[in-house]
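Please examine the sequence and the three-dimensional model shown below. The briefing that follows is arranged by topic.

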Amino acid sequence: MTANPVSVNSNACLISPEIGKSGIDPAHPPLKLGVLASGSGSNFEVIAQAIQNKDLNAKIPVLIYNNPEAKAAARAEKYGIPSILLNHRDCKSREELDTKIVKTFQEYDVEWVVMAGWMRIVTKVLLDAFPDRVINIHPSLLPSFPGIRAVEQALAAKVKITGCTVHIARLEVDSGPILMQAAVPVLPDDTAETLHARIQVQEHKIMLGAIALIAESNRKYCD
């Protein structure tokens with residue numbers, strides 16, 4: 001009997017569109033990315049590492065985090081990137097937090113906003129300040145399983161395939177034009193933890209891929 005290839009390689013996936021690298025082009029300035037993170041900052045570090053390795057034509061002038069315990073701040077220090085705590089608990093509304101975010105990003109001359117594990121709902125304040133230039137990553141194949149606990153939603157639905165999505169943010173949570181997706185098989189013995197771990201591997205890939213697409217599009221526009 002032939003072995004099931006999915007059971008042999010639990011990290012098997014399908015990414016669309018195909019991932020490329022923007023590389024460093026001295027003729028074109030790098031994208032200035034303002035990153036928002038709430039937790040470990042693993043997606044943030046993947047971006048910072050790709051920039052350091054000259055695999056991505058971008059730079060990160062500043063990281064904003066909202067959780068004082070977020071490990072993302074330590075990762076930013078490792079790469080010499082300024083990090084600023086804007087604790088949402090100190091704000092009276094989501095709009096007040098986003099106003100502070102916009103002010104900070106404008107001070108650092110940010111062009112694109114990357115929500116890399118940002119666990120706050122954004123408002124019109126942020127989206128209007130950076131129209132069609134705010135991207136988000138979500139652990140499902142949108143439009144399936146938007147909102148919180150997407151991995152648990154997929155397991156409860158008993159789907160055979162889930163994945164992750166990078167998209168342009170809109171006011172409706174986890175909606176907006178899709179930039180890149182990766183499909184990840186759900187294995188018979190998966191738990192939320194094991195499935196999320198495999199999805200996160202693909203998240204790192206498509207986050208870089210989506211930024212590379214943006215950088216390439218920006219280059220062609222400038223040309």
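Which side chain of opposite charge is nearest to Asp-98, a residue that is buried yet has no salt bridge? The nearest one is Arg-120, at 7.7 Å. This is a predicted model, in which local features need pLDDT of at least 70 and side-chain atom pairs count only at pLDDT 80 or more, while totals for chains, interfaces and linings use all residues. Residues are numbered from 1 along each chain as its sequence is written, and side-chain values use heavy atoms, with hydrogens and water left out.

**Terms for the opening question**
- Buried means under 20% relative accessible area, exposed over 50%, and partly exposed in between, with a 1.4 Å probe and protein chains only.
- A salt bridge is a side-chain nitrogen of Lys or Arg within 4 Å of a carboxyl oxygen of Asp or Glu.
- Lys and Arg count as positive and Asp and Glu as negative, whereas His and the chain ends are not counted.

**The protein as a whole**
- The protein contains 7 helices and 8 strands (DSSP runs numbered from the N terminus: helices are H or I with at least four residues, strands are E with at least two).
- Of the 223 residues in the protein, 46% are buried.
- Among contacts (heavy atoms within 4.5 Å) between residues at least 6 apart in sequence, 67% join residues at least 24 apart.

**The surroundings of Asp-98**
- Asp-98 belongs to helix 4, which covers residues 94-107.
- A polar atom of the Asp-98 side chain lies 2.7 Å from the backbone nitrogen of Thr-123.
- Not counting residues up to four places away in sequence, Asp-98 touches Val-122, Thr-123, Val-125 and Leu-126.

- An open sheet of mixed pairing is formed by 8 strands in the order 1-8-7-6-5-2-3-4 (two strands pair if DSSP finds at least two bridges between them).
- Strand 1 (14-16) and strand 4 (83-85) are the edge strands, each pairing on one side only.
- Strand 5 (residues 112-115) pairs with strand 6 (residues 134-138) in the parallel sense over 3 bridges.
- Val-113 has Val-134 in strand 6 as its bridge partner.

**Helix 2**
- Helix 2 (residues 42-52) packs on the sheet and touches strand 2 (31-37), strand 3 (58-65), strand 5 and strand 6.
- Helix 2 is mostly covered, with 9 of its 11 residues buried.
- The buried residues of helix 2 include Phe-44, Val-46, Ile-47 and Ile-51.
- Lys-54, which follows helix 2, has a positive phi near 65°.

Technical notes. A polar contact is a pair of N or O atoms within 3.5 Å; within protein, one must be able to donate a hydrogen and the other to accept it, and residues adjacent in sequence count only if both atoms are side-chain atoms. Axes are lines fitted to C-alpha atoms, for helices over the stretch in contact, and angles run from 0 to 180 degrees between N-to-C directions.
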